[in-house]
Every structure is written in structure tokens, then in C-alpha cells.
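Here is a short note for a colleague opening this entry for the first time. Please keep the structure in view while reading.

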Amino acid sequence: MEPPNIERLDERTVQRIAAGEVVERPASVVKELIENSLDAGATRVAVSVEAGGTEGIRIRDDGVGIPADQLEAAVAEHATSKIGKIEDLDHGVGTLGFRGEALYTVGAVSRLTVRSRPPGADAGSEITVEGGDVGDVRPAGCPEGTTVEVDGLFYNTPARKKFLKRTATEFDRVNAVVTGYALANPGVAVSLEHDGRETFATEGNGDLRSAVLAVYGREVADAMVDMEWEPGNSDTDSPVHSVTGLVSHPETTRSSREYLATYVNGRYVTAGALRDAVLDAYGGQLAPDRYPFAVLFVEVPPGDVDVNVHPRKLEVRFDEEPAVRAAVEEAVEAALLDHGLIRSTAPRG
Ligand code: ADP
Ligand code: MG
């Protein structure tokens, strides 16, 4: 056998491999782009996808926009307007993004166009990146705000493209992400369109219940009760500041856990511990393999939860997990009891 010949990968290949780590599927692109729109202070975010996002993703916002002379930086590696230096991370990041790599990585594995006009600017401009090749900045007619278009995702990484699931499955994931951000931001009008048909559109009037109505429909919205939990006065160093949101009647359920939307310090996350705590609160009152709807906001001290996780991972872990679980269970149980939706099984106190 010939000895192996170890060679350095060329820059372009390295870039595509790295991109594959961050951008796994259409839903991960949509997540990054929505976060950018929210970070830009948008009050309207319109997402539309073709074939579950595999053929096209378009997101338009009315945020601060990107001036023509910044467009190149926006799609460049590790370029961000959100943090200046590493110490900024120690003070907690107020924005959803900060790595400055989303647009760069998406541009490496698709045809990406960023078109923008900052409010008040006379004209807009756009830049296109195709498989990592950055084009020139051109003038473009466009409304105020930013539109990002992603076509042919993974056209140059066939191995990655092969991992994509059926269109319907990819769309379900996109829908879950857009729904997650829509519910976390009832003050922003968020809409989703698939193959030209509207899936939902929230009003952006700041009311969580109204957002739930838009996303899940009347039956579910009417079956949701308010939840409001704070630690007792004597519990001065509780590892949980508050638990708020909405949970559904134990008979308004689905066969999937995906309708348990959880947020920690305003971030949309998946946290098995939080979901389990919600389910425990229902006691034995859920039918087998049925899951309630929940929109659960948990506030904890910023240092107790790691948000600087890998960009692809939504899963979070808590330093004080048992206490967080207990608080969530108590909050949900109290809400259900208060509204007479479950019967007390054990003396509480
Ligand atoms: P990050 O969000 O981590 O800063 P991105 O690659 O997602 O990195 O975006 C790079 C930069 O491009 C952002 O810091 C921001 O300045 C700008 N940008 C991206 N999307 C938008 C948008 N929708 N509106 C305004 N600016 C944007
Ligand atoms: Mg970003």
C-alpha cells in the first residue's frame, strides 16, 4: 500500500465543510435570517420558501438596513456589527447573532442575494454571492429594509444536499422555526408562505394570545390559559426569575412534542428539561402519547445558562436544572389548577 499523502485542503473546500456544520438544512438558514431581521429591529418579517426551502428562501424585513458600502462586509467572514471585541461577550450579548458568519456560510453553499435600503436612503443596493464568489455591489430598486434571497441551497455540496428530507419534512422544520420566533416576538408581524400560499401571519400587536391565534388557530387559542410564576418573597436567590406564557387544556393536544415552544431569556431553545417539566405538571391527565400546546418563557440569571453554544444547536443546559424544572412544573400546575383544568392530586404547600 502506498503511504498516504497528507495535503492541506484548499480554502474553498475548508469553507464549504465549515458551512455544512452551521447550515444543515433550510430551517437553519431561515433561523439565521430571522435572527438577523430581529436584530435589525424589524417590525415586519415576511418569510417565503419554495419546496420546503430547498428551492428558494426569501425573507424581507423593515429593519435598519445595510448601507451600500457595508454590503461586502455583511457577507464577509467573521464580520459583524454586533460585537467589537471578545470582552463584549462577557457582558452578555443583547443580540441573537454575533459571530458574523451566517451570511458568509450561506453564501458558500448557495446563491445568496442581499438587497437593502436603509430607511431614508435615496436608493437601495444589492450584492450576490455564488458558491463563495462575491460579486460587485450594484444599485437595486427596493423598499426600505432588507431582503435576503437564498437559491439552490447546497447546489455545490451534493453530499449535503442528499441529507435533506422530503419537502414536507423540511417545510415542517421551517414552519417550527418561524413559529418559534413569531411566538417569542408578538410585537413583530411575522408571516410565512410556502409555494405561494400563506401558512400564517401574525399581527404584531404585542399580544401573545393573538399570535397563538394566528399560528395555531381558534381552537387552540381558546384552550390556552395564562401562566405567571415568580419565586416567593423569601426565596431571594431563586435560580429562576419568572415563568410566564400560555399552556393548553389537557384535552387540546397533538401527537407531537413540537407544540411545546420554550424560550430562555427571550431565546427560542429546545430544552428537554423544560418540556419534561411541562408534561409532569399535567400529571396523568394527558392521553397516552398526546402532548399539550405551550408557549413557555423562562427567565434565569444570564450566567446560569450557556447561550454561546454551537450555532446549530438550540439545546441549552442549566447550571441549576433541578430548580428550573421544579419552577416550571409549579408554574404550569398552578395555571392549570387556577383555571380548573386539572384536579389537585396531592396537597400542595
Ligand atoms: P451576525 O448576525 O453574527 O452579525 P451575519 O453573518 O448573520 O452575522 O450578519 C452579518 C452582518 O450583516 C450583521 O452583523 C449585520 O450588520 C448585517 N445584517 C445581516 N442581516 C441583516 C438585516 N436583515 N438587516 C440589517 N443588517 C443585517
Ligand atoms: Mg446573524
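The points below go from the whole chain to its parts.

1. **Overall make-up.** This is a predicted model. The chain holds 11 helices and 16 strands. It has 349 residues, and buried ones make up 40% of them. Among contacts with a separation of 6 or more, 67% join residues 24 or more positions apart.

2. **The core.** The largest nonpolar core has 93 residues. V30, V178, V212, V278, L296, V298 and V328 touch the most other members. Helix α7 gives the largest share of this core, eight residues.

3. **Helix α2.** This helix covers residues 26-39. Its 14 residues should span 20 Å at 1.5 Å a residue, and the end C-alpha atoms are 20 Å apart, which agrees. Of those 14 residues, 12 are buried, so α2 is largely enclosed by the rest of the structure. Among the buried ones are P26, K31, E32 and N36. The buried residues pack against β1, β2, α5, β7 and α7. Just after the helix, G41 takes a positive phi of about 75°.

4. **V30, within α2.** V30 is one of the buried residues of α2. Leaving out residues up to four places away in sequence, V30 touches V47, G53, I57, V174, V177 and V178. V178 is also listed with V30 among the core residues that touch the most other members.

5. **Strand β1 and its partners.** β1 is mostly covered, with five of its seven residues buried. Strand β8 (residues 189-194) pairs with β1 in the parallel sense, over six bridges. There, H194 of β8 is the bridge partner of V49. β2 pairs with β1 in the antiparallel sense, also over six bridges. In that pair, E50 has G56 of β2 as its bridge partner. β1 and β2 form a hairpin with five residues between them, and A51 in the turn has a positive phi of about 45°.

6. **Strand β4 and its partners.** β4 runs over residues 124-130; five of its seven residues are buried, so the strand is largely enclosed by the rest of the structure. Strand β3 (residues 111-117) pairs with β4 in the antiparallel sense over six bridges. R115 has E126 as its bridge partner in β4. The β3-β4 hairpin has six residues between its strands, and G120 in the turn has a positive phi of about 90°. Three bridges join β4 to β6, and these two strands run antiparallel. V129 stands opposite V134 in β5. The β4-β5 hairpin has two residues between its strands; G131 in the turn has a positive phi of about 55°.

7. Which strands stand at the edges of the open sheet? The sheet has the order β10-β11-β16-β13-β14, with mixed pairing. β10 (224-229) and β14 (267-269) stand at its edges; each has a single partner strand, so one side of each is left without a neighbour in the sheet. The twist averages 20° from one strand to the next. Inside the sheet order, β13 (residues 260-264) and β16 (residues 294-299) pair in the parallel sense over five bridges. Y263 stands opposite F297 in β16.

8. **Helix α8 against the sheet.** α8 lies across β10, β11 and β16, running at about 35° to β11. Its buried residues are L208, A211, V212, A214, V215 and Y216. They cover an arc of only 165° around the axis, which puts them on the same side of α8. They pack against α7, β9, α9, β10, β11 and β16. G217 follows the helix with a positive phi near 95°.

9. **R209, within α8.** Is R209 buried or partly exposed? R209 lies in helix α8. It has 14 other C-beta atoms within 10 Å, so it counts as partly exposed; a buried residue needs 20 or more. Leaving aside neighbours within four places in sequence, R209 is in contact with A221, M224 and L246. R209 and E126 are 83 residues apart in sequence, and their C-alpha atoms are 37 Å apart in space.

How values were computed. Residues numbered from 1 in each chain as written. Chains lettered and ligands numbered in written order. Predicted model: local features only at pLDDT ≥ 70, side-chain atom pairs only at ≥ 80, totals over all residues. Helix = DSSP H or I, 4+ residues; strand = E, 2+ residues; numbered from the N terminus. Contact = placed C-beta atoms within 7 Å. Expected span 1.5 Å × (residues − 1). Pairing = 2+ DSSP bridges. Axes fitted to C-alpha atoms, helices over the stretch in contact; angles between N-to-C directions. Arc of directions from axis to C-beta. Core = buried A, V, L, I, M, F, W, Y, C linked by C-beta atoms within 7 Å.
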